Amino acid sequence: MSARNAIEETAAYWLVRQGDGLSGEEQAQLDAWLNAAAEHKTAFWRLEYSWEKAGRLSALRGPDTLVEAMAETTPSASLRRGQPRWAVGLAATLALAVLTSTALLWPRPAHYATDTGERRLVALSDGSRVELNTETRLRASMSPDSREAWLDEGEAYFDVAHDASRPFTVHMGDRTVRVLGTRFSVRREGEKVQVLVAEGRVRLSGPKSGPAAKPVLLVRGDVATGMGASVLQSRTSDQRVDDQLAWRRGLLVFDQITLSDAAAEFNRYNQTQLKVLDPQTAAIRIGGSFEATNVEAFVRLLQSAYGLEIDHDDGIVKISE
Amino acid sequence: MVEDGELKAWFFREVFPLEAALTRYIRRNWRNENDVADLRQDIYAKVYTAAQRQLPLNARAFLFTTARNHLINTAKRAKIVSFDLVADLEASFPEAASADLDRQLTARDELRRVQAGLERLPTRCRQVMTLRRVEGLSTKEVAAHLNISVSTVEQQVVHGLRALTNYMMGGQGRIRRSPSKTPAAKSESQS
């Protein structure tokens, strides 16, 4: 456990105990701990910040919150002794008002797009988040009973908030991905579609007609590539999943792929296009991690480490031996 | 010397809302994902110490400049990052400092985020957190109600609070649990 982890855990313990009331002696201990290091104090404040925000939920809780929380232990328990019934009703009304206004605010699909080399984080109204990679177009529509998104082009990483009553569907042409709450990325190039699952499970359905009409269930580490009527499914390691999602950090991570594949990846992110001239050079294996938009650094490396010829020609970089 | 209460209000108002953007900035410029949370804690501590002398006028610029300097220094000390990366970092002013990257969450977004964060917790942890924080029961009452020990409730809330914080601030909502079951507060507070 890192020192940071230990500090955060200690801060959390103190915060939880403080909520139940500290004795004078305990308070003195806490003050001493807080004053011992700037790291202690900022870690404590940071947790306190979200603890306060979590407390605001209590003002909004509907009658369901508790029922849900208790569902798996004591179904008939009631904790609302001593609380007037009208208060419960009021909370429910408030919660309903919030839901209704949300629906009114999101009647039509919202459009999101990125340019070459751009990335964008989109917060959807249901609490889900979507990260758009370079050259991507996405539409999303959230309503009280469904959550839908359309990937028209490019690549996106979905972090879907769990909601069993409203499945989240991503449409990619005639294929769809359906989830309840999980993390996965999808990439679309024309009719070629790739789905990578980082956590949880998703259901990929093919075109309605055709042999692949039966949905495929994908779990963590699964990669499915669909083209035409067929779907190719494979498994990959956690490390490879991380590498494939490195674009979320603005990086490209290559594990001994060919230079021509590496060049094609860079070309997605940059106006400057790489072109490999001869087959021997195209077959050179490349490994390492690179800044996606720093094509110049990559070219410098090819020149200095691999001794390749580089020729700049009006936005095109020609690479040869 | 800026008073602590004022400093805390400043962190709540100006600094913590930028955490998602700060984390993305660190992640983009640092190869090892495991270091991100540690680096962030260092940066907060540096910001705190500097702001004690005087509150910076522009919190965003100050936070990201501190972050950049800290990354450069750490990379130079560690000698594991390529010189190229350090040079790039030095040349570019943090892009994240432009307001575009992080959208300020409205109060309603925030509540939804809390709710989504709670739903991500393991079942027992979620029950405990909901009873303790949303329903407002004390630790003892939660323990009696679920028929579990007070220390179990504490552990669950500690874990739940950390995971929830991580998620609300833009993380994945996952926390490495400490291998030892001993409350860290006990051992730490001895010294």
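At 44% relative accessibility, A:Gln256 counts as partly exposed, where buried means under 20% relative accessible area, exposed over 50% and partly exposed in between (1.4 Å probe, protein chains only). The model is a predicted one, in which local features need pLDDT of at least 70 and side-chain atom pairs count only at pLDDT 80 or more, whereas totals for chains, interfaces and linings use all residues. Residues are numbered from 1 along each chain as its sequence is written, chains are lettered from A and ligands numbered from 1 in the order in which they are written, and side-chain values use heavy atoms, with hydrogens and water left out.

A:Gln256 lies in strand β14 (residues 251-258) of chain A, and its phi is near 55°, a positive value in a residue other than glycine. A positive phi is also found at A:Asp314, near 50° and again in a residue other than glycine; A:Asp314 belongs to the loop between β17 and β18 of chain A and is exposed, with a relative accessible area of 76%. Most residues other than glycine have a negative phi.

The secondary structure of chain A comes to nine helices and 18 strands, these being DSSP runs numbered from the N terminus (helices H or I, at least four residues; strands E, at least two). Of the 321 residues of chain A, 48% count as buried. Contacts, defined by heavy atoms within 4.5 Å, were considered at a separation of 6 or more in chain A, and residues 24 or more positions apart account for 46% of them.

Strand β6 (residues 168-172) of chain A is mostly covered, five of its five residues being buried. A:Phe168, A:Val170 and A:Met172 point one way from β6(A), while A:Thr169 and A:His171 point the other way. Two strands pair if DSSP finds at least two bridges between them; β5(A) and β6(A) do so in the parallel sense over four bridges, with A:Trp150 opposite A:His171 in β6(A). β6(A) also pairs with strand β7 (residues 175-179) of chain A, in the antiparallel sense and over five bridges, and the bridge partner of A:Thr169 in β7(A) is A:Arg178. The hairpin formed by β6(A) and β7(A) has two residues between the strands, and A:Gly173 in the turn has a positive phi of about 60°.

A second hairpin is formed by β8(A) and β9(A), with two residues between them and A:Gly190 in the turn at a positive phi of about 60°. β8(A) and strand β9 (residues 192-199) of chain A pair in the antiparallel sense over seven bridges, and A:Arg188 stands opposite A:Val193 in β9(A). A:Val193 in turn stands opposite A:Gly226 in β12(A), where β9(A) and strand β12 (residues 222-227) of chain A pair in the antiparallel sense over four bridges.

The structure holds 18 aromatic pairs over all chains, a pair being two rings of Phe, Tyr or Trp (its six-membered ring) with centres within 6.5 Å, and planes under 30 degrees apart counting as stacked, over 60 as edge-to-face and the rest as tilted. The rings of A:Phe158 and A:Phe184 have their centres 5.2 Å apart and their planes at 10°, so the pair is stacked. Since A:Phe158 lies in strand β5 (residues 146-159) and A:Phe184 in strand β8 (residues 183-189) of chain A, the pair ties together parts that are 26 residues apart in sequence. A:Phe158 is buried at 1% relative accessibility, and A:Phe184 is buried at 0%.

Helix α9 (residues 295-306) of chain A has twelve residues and reaches 16 Å from its first C-alpha to its last, close to the 16 Å expected at 1.5 Å a residue, the expected span being 1.5 Å times one less than the number of residues. Its buried residues are A:Val295, A:Ala297, A:Phe298, A:Val299 and A:Leu302, and their cover includes α7 (259-269), β15 (273-276), β16 (285-291), β17 (309-313) and β18 (316-320) of chain A. In strand β17 of chain A lies A:Ile310, which is buried with a relative accessible area of 15% and touches, among residues more than four places away in sequence, A:Val299, A:Leu302, A:Gln303, A:Val317, A:Lys318 and A:Ile319.
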